Amino acid sequence: MKLWDTHTHTTASADGIMKVEEAIARAEALGIGIGFTEHLDYEGDTEESYAVDPKALVEERKGLREKGVLIGIEAGLTLNTRGATKAALDVDLDFIVGSVHVVDGYDIFTTFWQQGEKEVLARKYLGYVLLMIERCPFFDSLGHIDYPSRYCPFPDKEMEYEDYKKEYDLIFEALLDNGKILELNTRRFMPDSGAGAKSLYCVLDAYKNMGGKLLTLGSDAHEAQRIGHCFDKAYEMANHVGLQFVRFVERKPVLFKNAR
Ligand SMILES: [Zn+2]
Ligand SMILES: [Zn+2]
């Protein structure tokens, strides 16, 4: 079965350092398919713009699409910017990852974790994710649910399912009610089975128990060497839990086993 990396960033994103050609060559060398999901964030603590122009991007990447590359966007979901984001996404894309990078104006990369205790903030994040699913129903798959753990300054960085069961269950319920699915993002997978992967396993298992069936798969690579990061482990995990991977083509899920 051919795996697909459908969460990647090229130099079109402010923090991407790989060129499109480089990324495609790397995916080909690995024998996997690739989709690009450049940033569309109108809110955040950065000086440079993290908002690409989806319309221009789709036009520019028409030729790539004809070659089987998927053209998507990773849209930052916030209450303040949802109108502008929705409007900008009204173009012919393959795939939209919906991600929470900012909670109530606090950028998770910079100031969010400085606002109080870990448990209070983790609950706040998960509650905000729920709100965004309900208020921003224009995405396909919820990106990196464990994103805050990347930047968590506390010794235990994980937001374990067991500790926030109610919050996670509400998120899964809202995803399924709204026809959305969850992404398995391998950014926090280590070559060995680290705490991040263990924590995600329990999250996926709970999603499955709530009725979840499908997942998208993404490395969140910003450089070519990270494409397909730990995909063998991700595949093993999804299989073990009993979930199937899909990629989105023209906003519709297609199982990995089917040819395009
Ligand atoms: Zn992201
Ligand atoms: Zn990303």
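**The metal sites**

Modeller: The zinc ion (ligand 1) is coordinated by Glu74 (OE), His101 (NE2) and His144 (NE2), at 2.1 to 2.2 Å. Keep in mind that this is a predicted model.

Biologist: How are those donor residues spaced in sequence?

Modeller: The pattern is E-x26-H-x42-H. The pair of Glu74 and His101 links distant parts of the chain, 27 residues apart. Glu74 is in strand 4, and His101 is in the loop between strand 5 (95–99) and strand 6 (102–103).

Biologist: Is His101 buried or exposed?

Modeller: His101 counts as buried, because its relative accessibility is 9% and the cut-off for buried is under 20%.

Biologist: OK, the other zinc. Which protein donors does the zinc ion (ligand 2) have?

Modeller: They are His7 (NE2), His9 (NE2), Glu74 (OE) and Asp220 (OD). These donors lie 2.1 to 2.2 Å from the zinc ion (ligand 2).

Biologist: Glu74 again. How far apart are the zinc ion (ligand 1) and the zinc ion (ligand 2)?

Modeller: They are 3.4 Å apart. Glu74 coordinates both.

Biologist: Why is the arrangement around the zinc ion (ligand 2) called irregular?

Modeller: Look at the angles. The four donor atoms subtend 83 to 174°, so the arrangement is irregular. To count as tetrahedral, all angles would have to lie between 85 and 135 degrees.

Biologist: And the spacing of the donor residues of the zinc ion (ligand 2) in sequence? What is it?

Modeller: It reads H-x1-H-x64-E-x145-D. Here the pair of His7 and Glu74 links distant parts of the chain, 67 residues apart. His7 sits in the loop between strand 1 (4–5) and helix 1 (20–30), while Glu74 belongs to strand 4 (residues 70–76).

Biologist: Are His7 and Glu74 buried or exposed?

Modeller: His7 is buried, with a relative accessible area of 0%. Glu74 is buried too, at 1%.

Biologist: Then there's Asp220. Where is Asp220?

Modeller: Asp220 is in the loop between strand 10 (214–218) and helix 9 (231–241). Asp220 is buried, with a relative accessible area of 3%. Check its backbone as well: phi of Asp220 is near 60°, a positive value in a residue other than glycine.

Biologist: New topic. Which residues of helix 1 are buried?

Modeller: Val20, Ala23, Ile24 and Ala27 are buried. They cover an arc of only 95° around the axis, so they are on the same side of helix 1.

Biologist: What do the buried residues of helix 1 pack against?

Modeller: They pack against strand 2 (33–41) and helix 3 (62–66). The face of helix 1 turned away from that buried side carries the exposed residues Glu21 and Ala29. Just after helix 1, Gly31 takes a positive phi of about 75°.

Biologist: Now the core. How many residues does the largest nonpolar core have?

Modeller: It has 83 residues. Tyr125, Ile171 and Phe172 have the most contacts inside it. The largest share, nine residues, comes from helix 5 (residues 118–135).

Biologist: What is Tyr125 in contact with, leaving aside its neighbours within four places in sequence?

Modeller: Its contacts include Val100, Val103, Phe112, Ile145 and Met159. His144 is one of them as well, and that residue is also a donor to the zinc ion (ligand 1).

Biologist: What is the phi of Glu250 in the turn?

Modeller: Glu250 has a positive phi of about 50°. Arg251 lies in the loop between strand 11 and strand 12. Its phi is positive as well, about 70°, although Arg251 is not a glycine. Arg251 counts as partly exposed, at 31% relative accessibility.

Biologist: Last one. Where is Leu176 found?

Modeller: Leu176 is in helix 7 (residues 165–177). It counts as partly exposed, at 30% relative accessibility. Leu176 and Gly211 are 35 residues apart in sequence and 7.6 Å apart in space, C-alpha to C-alpha. Beyond its neighbours within four places in sequence, Leu176 is in contact with Tyr207, Met210, Gly211 and Gly212.

Conventions: Residues numbered from 1 in each chain as written. Chains lettered and ligands numbered in written order. Predicted model: local features only at pLDDT ≥ 70, side-chain atom pairs only at ≥ 80, totals over all residues. Heavy atoms only, no water. Pairing = 2+ DSSP bridges. Helix = DSSP H or I, 4+ residues; strand = E, 2+ residues; numbered from the N terminus. Donors = N, O, S within 2.8 Å, 3.2 Å for Na, K, Ca; no water. Tetrahedral: all angles 85-135°; square planar, octahedral: opposite > 155°, others 65-115°. Buried < 20%, exposed > 50% of the residue type's maximum accessible area, 1.4 Å probe, protein only. Arc of directions from axis to C-beta. Contact = heavy atoms within 4.5 Å. Core = buried A, V, L, I, M, F, W, Y, C linked by side-chain atoms within 4.5 Å.
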